[in-house]
Amino acid sequence: MMAFTACSNSAPDPGVRVGLITPGSIADAAWNSGAYAGLQRIRDSLGLAISHVEARTPAEQDEALRAYASQGYDLVFAHGFEFQGAAERVSAQYPTTAIVVTSGSRTQGNVSPLIFKLEDASYLAGMVAGGLTRSGILGFVGGIELPPIKAAYEGWVNGARAVNPKIQTREIYLNSFDDAAAGREAALALVRIGVDMFHHNADAAALGLFQAAKESPGVYVFGANADQSSLAPERVPGSAVIDLPRALLLVAKAVKAGSFTPKVEVFGLASGVVRYEPNPALAALVPPALEERVRAAADSIAAGTLVPAARPASMQARKREAPRALSSALALDAAQSHRGHGGRRSTPVMVASSEFSAPLW
Amino acid sequence: MTDSLVLLSGFLAAAVRVATPLLLAATGETVTERAGVMNLGLEGIMLGGALAATLGATAAGPWAGLAVAVLVGMLLAALFAAVAIGARADQIIAGTALTLGAVGLTGTIYRQAYGIGGAGLALPTLAPLPIPGLSQIPLLGPALFDQPMPTYLALLALPLVWWVLFRTRTGLALRATGEGAAMARAAGVRTGLVRTVATVVGGGFAGLAGASLVLAQVGTFAERMTAGRGYVAIAIVVLGRWHPLGVAVASLLFGAATALQYVFQSLGLDVPYQLFLMLPYGLTLLALAGAVGRARAPADLGKA
């Protein structure tokens with residue numbers, strides 16, 4: 001079933017139309033809501049016409065892409081790794097529509113991927129968790145074991161082991177991104193065997209994980225995909241964030257300016273799009289020495305000297321050589337925004353969210 | 001030793017928690033199906049109940065949420081009854097339509113009410129109410145007597161539903177309607193009314209089941225959060241042979257298999273997790289094939 005939830009025709013510039021297809025509900029406070037927020041920003045700050053549709057099954061996803069492309073949309077965001085195949089099929093038929101697969105794998109015709117190295121930020125979250133855990137057992141709750149999710153899990157584990165090599169980890173997959181009650185039961189099952197630090201990648205199903213942490217003394221959850229501190233302010237030391245609105249807006253801006261060309265865009269810590277966002281309310285929890293180590297690791301990751309997780313072959317970017325103007329522009333602009341704050345930090349780790357709340361262009 | 005006892009006790013409590021919404025929905029569906037109505041809208045009604053509980057709890061606390069969820073469940077079931085019993089539409093199609101409609105409608109209403117940020121986790125919820133004395137029993141105490149209110153309601157409803165179905169004239173009329181509506185009509189039973197009431201009662205239970213997910217478990221709403229529990233409940237009615245006691249056993253079996261699945265995954269064995277996820281469903285299939293051979297559905301089930 002597809003539900004057209006937002007079709008805005010009121011934008012002043014009807015020339016460029018942007019569509020977004022999400023694989024799940026935009027009210028998940030994570031992966032999908034971030035993309036929708038990006039779409040709204042595209043309308044509000046670029047004045048482009050926007051449309052959103054939710055498509056869960058491969059058949060629906062193919063159909064939704066085809067619908068936008070056949071209507072002549074200039075840019076379509078296919079929001080997830082799972083759209084890659086459908087995007088390539090549809091693009092072969094409608095080459096004028098630029099299709100951007102978030103978390104995609106390669107360029108093909110007018111299809112280009114945005115690759116978010118969430119594992120960069122999950123590694124830092126893992127370091128904090130590895131320093132804070134009392135039991136030495138970390139837990140992870142995932143929706144489905146998609147390659148980007150697996151990579152984030154690896155980053156989380158490697159980060160924790162960098163701090164404490166004896167760390168044990170446990171993971172549970174739910175086979176659902178909606179079943180919040182299952183998320184809670186999975187978390188409680190892990191709490192029973194001693195897990196006290198959690199990370200996740202389960203979108204709306206993770207709400208149950210946060211609830212379980214609220215109910216269990218001494219249990220903490222690190223958010224994923226969005227800053228999730230507000231879900232349980234006293235139990236979320238930090239979040240591995242993908243600033244989806246920023247990334248989507250950058251692409252739309254390039255399309256509007258006519259300067260967009262299909263290429264692989266990789267966003268890691270250096271870009272500021274992927275970052276570890278600590279929760280100020282729990283700042284006292286993290287000892288200064290640990291915070292210093294996390295910051296140093298962030299610098300190494302941004303500089304490319306530390307690899308948080310090896311990406312599986314299915315996720316290796318296969319690119320035809322193309323300039324990476326977008327991400328280098330971003331890195332520059334992130335660096336500038338930091339210099340504006342005293343130039344204390346060389347990479348955008350542990351930045352307060354206010355630094356990024358204002359549009360940067 | 002005590003450690004494994006604590007783990008076992010925790011596992012049993014998890015099994016009962018997972019079973020609670022299934023037991024509530026399946027108990028209601030037992031009443032409905034005994035009257036000859038197959039309500040595939042159960043999944044949608046549970047989802048409606050879950051959203052109603054969220055809205056009610058936001059406005060006036062968890063008890064109001066519970067009450068509103070039951071009312072909305074009954075209302076949605078009445079809608080189904082009007083179409084499937086009043087207008088004699090095909091029950092399977094009407095039920096499926098109700099579920100599909102509820103999935104879209106709950107999502108839309110939820111986004112209208114709370115925006116894309118969602119309701120968060122600030123909702124007032126129903127904490128576990130340990131029953132003094134009984135909750136101290138080793139192993140079974142925490143599992144059965146340290147649970148939130150919806151679990152107690154589910155357990156209390158079982159003997160009540162059994163008594164009404166098998167020990168009252170109303171129950172006799174209801175079962176007669178399900179077994180042979182024409183005959184029951186000839187005997188003076190107002191079968192249309194009986195079926196409508198049985199469907200609405202089933203809807204109330206399903207609404208409560210949805211509310212238990214929100215108020216006693218997750219603490220917030222998520223779109224499609226019922227995740228197929230309505231359909232599982234319908235299978236449980238079959239597995240439980242249309243009898244409250246059987247339904248209770250089947251719900252607990254499914255709850256235990258699900259809880260066990262999490263335990264297996266948490267062991268960190270080098271086995272694909274999908275195998276464990278299959279466990280509750282595989283077990284249900286096996287039980288259906290093995291134990292239900294002799295069971296017989298109400299003869300007029302699904303007939304207009």
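**Ground rules.** I count residues from 1 along each chain as its sequence is written, with chains lettered from A and ligands numbered from 1 in the order in which they are written. Since I have a predicted model, local features need pLDDT of at least 70 and side-chain atom pairs count only at pLDDT 80 or more, while totals for chains, interfaces and linings use all residues.

**Where the chains touch.** I looked up the contact first (two residues are in contact if their C-beta atoms, placed from the backbone, lie within 7 Å). Chain A puts in 36 residues and chain B 34 residues. Helices (H or I, at least four residues) and strands (E, at least two) are DSSP runs, numbered from the N terminus. H6(A) gives the most, with 10 residues. By class I got 21 nonpolar, seven polar and eight charged residues on that side. Here Ala, Val, Leu, Ile, Met, Phe, Trp, Tyr, Cys and Pro count as nonpolar, Asp, Glu, Lys and Arg as charged, and the others, Gly among them, as polar.

**The sheet in chain A.** I traced six strands in an open, mixed sheet, in the order S8-S7-S9-S10-S11-S13. Strands pair if DSSP finds at least two bridges between them. S8 and S13 of chain A are at the edges with a single partner strand each, so one side of each has no neighbour in the sheet. I then checked S7 and S9 of chain A, which run parallel and are joined by five bridges. Phe140(A) sits opposite His199(A) in S9(A).

**Helix H8(A).** I noted 14 residues, 244–257, in this helix of chain A. From first C-alpha to last, H8 of chain A reaches 20 Å, close to the 20 Å expected at 1.5 Å a residue (1.5 Å times one less than its number of residues). Among its buried residues are Leu244(A), Pro245(A) and Arg246(A). Buried means 20 or more other C-beta atoms within 10 Å of a residue's own, exposed means 12 or fewer, and partly exposed is in between; C-beta atoms are placed from the backbone. After H8(A) comes Gly258(A), with a positive phi near 80°.

**Val83(B).** I found Val83(B) in helix H3 of chain B, residues 62–86. Why does Val83(B) count as partly exposed? Because it has 19 C-beta neighbours inside 10 Å. Not counting residues up to four places away in sequence, Val83(B) touches Ala89(B) and Ala94(B).
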